[in-house]
Amino acid sequence: MSFHSLGLSEALLKAVSKKGYTTPSPIQQKAIPPILEGKDILASAQTGTGKTAGFTLPLLQLLSENSKEKFRPIRALILTPTRELAAQVYANVKEYSEFLNLRSAVIFGGVNQKPQAATIRQGIDILVATPGRLLDLQNQGLLSLKRVEILVLDEADRMLDMGFLRDIERIMNMMPEKRQNLMFSATFSKDIKKLAHGILKHPVQVEVTPENTTVDAINQKVYRVAKGLKTDLIIKLILEGNWKQVLVFTRTKHGANKLCEKMGKAGIKAAAIHGNKSQGARTKALAGFKSGNVSVLVATDIAARGLDIPLLPHVINFELPNISEDYVHRIGRTGRAGASGEALSLVSADETTFLRDIETLIEMKLPVEIVEGFEPDPNASTVPIKPGQGRQHRSPRNTSNNSGNSNRSSNRNNKSRRPKRNNDRRN
Ligand code: AMP
């Protein structure tokens, strides 16, 4: 299938070809036609699937077909959970609209609002925004959503995780009832379905499994190691492997800072990216990483969500996430677009439960290695780090098929499968 056969205009085809895309990705093939027909959609797609072009291209086409050059009220609103994602989506909107007469802007918190307000005042067709800053500016009377024709909720699951439900509801009330709604989410919890039910009208459901990278093409490995030796082990792995582009996940912001500091002392150029960092510091860290000046980016899950860093060779879980689905999101950062990648996890005794949950979710047993001199502590407790977190999942799930016990059969071991929702709430 070609972009041409999707019914996109010449101006958009030119922009797409300038980006170097030749074939629409599965999400683009499935989402673009119904969006062009004016339908609401509910799409399940993760970062890395090409979802941004999947909603941006048809959105731009619809707006350009019915241009309002004189007054330019905001006619399309794209809501994203994080500043980074907002900036990335905006960059895409700019690129894809290069040959169209449409104006766009991005607003998010953590930076001065004045330039953002000034751009909006001049008239824009498309606004990319995080919920908090959008409400701020709206409350100050600096923008109006009364003429919005198309709403996009990007990474809706993460918006709920970050506690934006009330904000989203308030924003909905500021827009006209009659509009087209496009909702994208990586997971479909009960809460997401409820939100979709309240917002979407007769939505077309679009589903794509993550490209066959997530589990199949990624070389995954677990290093069992004593907790206190993790920092030394990660430094050894990075230095000995001479790895130049590594994304490391820690569970806490403090942990990210501490690890960065120790890596710096070991001569590794590392930068942290998390919620306590200023927008400027985050942008600088990301730019340094992309340009190769920084070899290691240490991130927390929320900060890493939506970061567009293509073709990452190494992802390391310094700590396993206590939410199993986050493991799949994290390792999805490597091996994109058919390139092979490596995802390593440093696992101490108290993370055993998390590891078991992840293996259940991805339906494969991860190969384990122990490095000499970095052996796990045989006397360490296997109780999860914080009591009660070992069973945490992103949101309430359907437990009707709950077997109530662990019955992962040995013939599943080492079999690559696509990740499935984890309904198994053992213990
Ligand atoms: P996204 O899932 O929107 O974050 O996109 C992931 C990456 O895929 C981005 O770097 C895009 O520029 C790239 N991309 C999007 N669509 C295509 C396509 N049809 N062909 C090749 N690359 C694409």
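Axes are lines fitted to C-alpha atoms, for helices over the stretch in contact, and angles run from 0 to 180 degrees between N-to-C directions. Helices (H or I, at least four residues) and strands (E, at least two) are DSSP runs, numbered from the N terminus. The model is predicted: local features need pLDDT of at least 70, side-chain atom pairs count only at pLDDT 80 or more, and totals for chains, interfaces and linings use all residues. Residues are numbered from 1 along each chain as its sequence is written, and side-chain values use heavy atoms, without hydrogens and water.

Two strands pair if DSSP finds at least two bridges between them.

Zoom in on β9, residues 246-249. Val246 and Val248 point one way, Leu247 and Phe249 the other, and all are buried (under 20% relative accessible area with a 1.4 Å probe, protein chains only; exposed is over 50%, partly exposed in between). β9 pairs in the parallel sense with β11 (296-299) over 4 bridges. Look for Val248 with its bridge partner Val298, and Leu247 opposite Leu297. On β12 (314-317), β9 again has a parallel pairing over 4 bridges. There, Val246 stands opposite His314.

Move to helix α2, residues 26-36. Ile27, Gln28, Ala31, Ile32, Pro34 and Ile35 are buried. These residues pack against β1 (41-44), α3 (51-65), β6 (180-185) and β7 (204-207). Just after α2, Gly38 takes a positive phi of about 90°.

Finish with α6 (131-139) and α8 (165-172). They pack at about 45°, with their axes 10 Å apart. That makes α6 oblique to α8 (under 35 degrees is roughly parallel, over 145 roughly antiparallel, 65 to 115 roughly perpendicular, the rest oblique). Select Pro131, Gly132, Leu134, Leu135 and Asn139 of α6, with Asp167, Arg170 and Ile171 of α8, to see the contact.

Definitions and conventions:
Contact = heavy atoms within 4.5 Å.
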